[in-house]
Amino acid sequence: MSTLLQVCVLLFSGISNGVARDWKPCTDLLPLDFLAKVLPANGVAPSGIRMVQDQGARRFHLSTSQGSPSFPASHLFINCDYFPEEFSIVVTMKASRIASKKNEYIFTVVEEDSNKLLLGLRYSQDKLHFLFWNYGDRDHITFRSVKLADNRWHTLILAVSGVYASLTVDCGIPVELVLRRPFPAHLNTKGSRFHIGNRRRLKGLFSGLLRQLVLLPGSDATSRICPTSNPRLAVLSIPQVLLDLPVKPSENEVLKYPYEAEMRVTLGSRPPCTKKQTGQLWFDTLRRGLYISTAGLVAMLQAKQRLDYVEDYQDFYTNSETLDIEIFEIPSEGLFAATANKRPFPGSGIYKWANGKFEPYQNITTYQAQAWKYFTIDDKIFLAVANFEKNERNEEYSVIYKWSRRRLKFSSYQTIETHSARDWESFQIEGETFLAVANHRQGGKHNIDSVVYKWNPGTQLFEANQTIPTSGAYDWEFFTVGPYSFLVVANTFNGSSTQVYSRIYIWLGGMFRLFQSIMTFGATDWEVFQFGGRVFLAVANSQKYDKTGQSSYAINSTIYELNITAQIFVRFQDISTYSAVDWEFFTLGEDKFLVVANSYDGKSYSLNSVIYRWQGYEGFVPVHRLPTFGCTDWEKFNTADSSYLMYSSAREDISKVLKLKTY
């Protein structure tokens with residue numbers, strides 16, 4: 001019996017009179033599919049994973065700009081925490097050429113608290129490296145002259161047993177190496193996670209395609225899958241969603257060439273996208289787009305839309321002046337907009353899109369509401385309001401409302417003590433839900449704590465998880481870069497000046513820690529956006545004010561870009577604004593836009609807010625100037641018929657819906 005098996009016997013079965021009872025291995029002695037572990041039960045690819053079609057079959061592409069796919073090691077090692085002493089790893093991958101000194105990780109096992117790499121598999125231009133922690137030191141195996149980055153599919157089988165390691169590529173002749181010491185019998189994975197396509201760092205992100213990633217404990221998988229008629233795509237275990245073939249042909253089927261015979265393309269009405277239609281292609285003759293049915297319709301090819309001009313569409317009458325608008329969609333119910341209104345009665349309004357416009361749906365009593373945040377937890381739907389003023393009982397609370405599927409209304413669910421709250425931000429980290437409140441001031445004191453709350457599945461309530469010192473906090477923005485999670489606060493005023501550091505925090509060791517401080521001037525909003533592998537942060541600066549009592553509203557707002565090598569955000573572009581309160585990033589076709597909410601120039605609230613278009617080397621350039629009055633928020637939304645922009649006014653009870661005309 002191997003050392004590992006003996007350990008598992010001792011830990012989980014016990015020894016009585018020298019006889020082992022009910023022995024169990026640390027994990028099932030079956031193929032353990034890593035890709036299946038990071039997919040939910042319904043098979044829909046989560047954030048960070050995109051399913052693509054390549055050479056007639058489905059594969060996964062790992063996004064470098066979204067959350068990292070990962071899962072706890074305890075999901076594999078169910079009886080004890082030790083990685084198998086003898087095992088094989090099967091990978092089917094396709095990678096383009098990479099720089100000679102660059103490495104990309106296929107997977108890693110990393111301790112969550114210390115960020116220590118316990119085990120990992122990575123490749124370079126002509127090598128494959130297997131790294132592992134071995135009794136206090138890091139060992140590695142390097143297979144040379146292994147050319148994987150050639151834009152072709154390859155299946156690798158790495159087998160390890162004692163002091164021997166072998167690599168079989170495309171069912172060819174195995175290459176065997178001798179380790180300087182045996183693979184550890186007691187590699188403890190307690191408190192660690194498997195990360196797919198990364199090492200929990202910004203460098204080394206996997207840029208290729210994955211079809212298979214499997215651990216086979218206790219044996220070499222080579223004899224199970226080789227020989228085969230297609231050695232580059234040899235199969236041991238593949239997620240079911242990648243094996244599903246397109247459905248049988250239906251009416252209006254388009255004629256196909258022989259080499260496309262497995263793909264079904266239909267015309268006519270929009271398909272319902274049930275499980276039966278999974279993989280079916282549909283051509284929309286109106287929009288000239290080709291779509292594939294998965295959990296919904298996903299565009300594969302689409303005629304390019306270009307923004308022509310913006311036209312006035314709807315005068316949107318609100319209960320009172322509006323500080324913020326939140327647009328959201330409730331499944332099976334439709335599109336809604338929640339307005340954060342100044343006066344408590346009749347309060348803030350919820351509106352429903354019907355007959356081509358927003359119509360009143362529900363009023364909720366609020367107290368100088370500053371912002372709404374829509375979010376979901378499992379099948380529960382919530383709206384959180386940030387109240388700036390005290391209620392009639394002199395209590396300072398913000399409220400979370402829950403959607404009732406029976407009454408089809410929002411009703412009060414949980415009240416949370418806040419201090420002149422300006423904003424809520426909802427986000428998820430490793431499957432847990434958080435809410436961060438921006439506390440602006442307490443009495444006349446602006447340097448106070450804002451709070452991050454965490455959802456307790458047991459009590460079904462949010463509970464304080466972490467306090468973060470802020471100075472007149474106005475806005476929170478959450479974002480991810482690769483496997484990392486960030487939270488940035490817009491600090492507005494420190495009690496004497498608006499020239500104050502706003503701060504970016506990074507999630508490490510179960511809490512947010514300071515990552516970077518950026519000098520801002522009355523910062524009211526952060527907007528994050530990512531494209532082309534680049535990460536940007538735009539800050540809205542509202543005014544310069546200091547102890548002299550002089551105020552300036554015509555100041556620059558700034559776009560910062562993440563320098564991945566230096567691991568800091570650096571200034572990218574300054575844009576002249578007038579007491580900017582909000583940025584909104586949106587796309588239309590292949591074009592990318594930013595629209596700013598200019599609210600006040602020191603004399604008037606009647607100002608042009610501006611739409612900027614991305615022009616590559618030139619950065620963002622102005623393309624449309626939109627007359628607004630006390631503008632505080634922009635939101636972009638889509639319906640089945642068109643795309644729209646909506647802005648709120650903090651100076652009158654009329655906001656506007658604008659239609660984006662395209663060609």
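Modeller: A residue is called buried under 20% relative accessible area, exposed over 50% and partly exposed in between, with a 1.4 Å probe and protein chains only. By that rule Cys226 is buried, with a relative accessible area of 15%, while Cys171 is partly exposed at 24%. This is a predicted model, in which local features need pLDDT of at least 70 and side-chain atom pairs count only at pLDDT 80 or more, whereas totals for chains, interfaces and linings use all residues. Residues are numbered from 1 along each chain as its sequence is written, and side-chain values use heavy atoms, with hydrogens and water left out.

A disulfide is a pair of cysteine sulfur atoms within 2.5 Å, and the count comes to one. The bond joins Cys171 to Cys226, with 1.9 Å from S to S. The link is left-handed, at -75° about the S-S bond. The two cysteines belong to distant parts of the chain, 55 residues apart: Cys171 is in the loop between strand 13 (164-169) and strand 14 (175-178), and Cys226 is in the loop between helix 3 (222-225) and helix 4 (240-243). Helices (H or I, at least four residues) and strands (E, at least two) are DSSP runs, numbered from the N terminus.

Now to the core. A nonpolar core is a set of buried Ala, Val, Leu, Ile, Met, Phe, Trp, Tyr and Cys residues joined through side-chain atoms within 4.5 Å. The largest one has 50 residues, and those with the most contacts inside it include Met93, Phe107, Phe130 and Phe194. A second, separate core of 19 residues includes Ile504 and Val539. Contact means heavy atoms within 4.5 Å; leaving aside neighbours within four places in sequence, Phe130 has among its contacts Phe87, Leu119, Ile141, Val160 and Phe183.

Phe130 also belongs to an aromatic cluster, whose members include Phe87, Phe107, Phe132, Phe183 and Phe194. Rings of Phe, Tyr and Trp (its six-membered ring) pair if their centres lie within 6.5 Å; planes under 30 degrees apart count as stacked, over 60 as edge-to-face and the rest as tilted. The whole structure holds 67 aromatic pairs. In one of them, Phe132 and Phe183 are tilted, 4.9 Å centre to centre with 50° between the planes. Phe132 lies in strand 10 (residues 127-134) and Phe183 in the loop between strand 14 and strand 15 (192-196), so this pair ties together parts 51 residues apart in sequence. Both Phe132 and Phe183 are buried.
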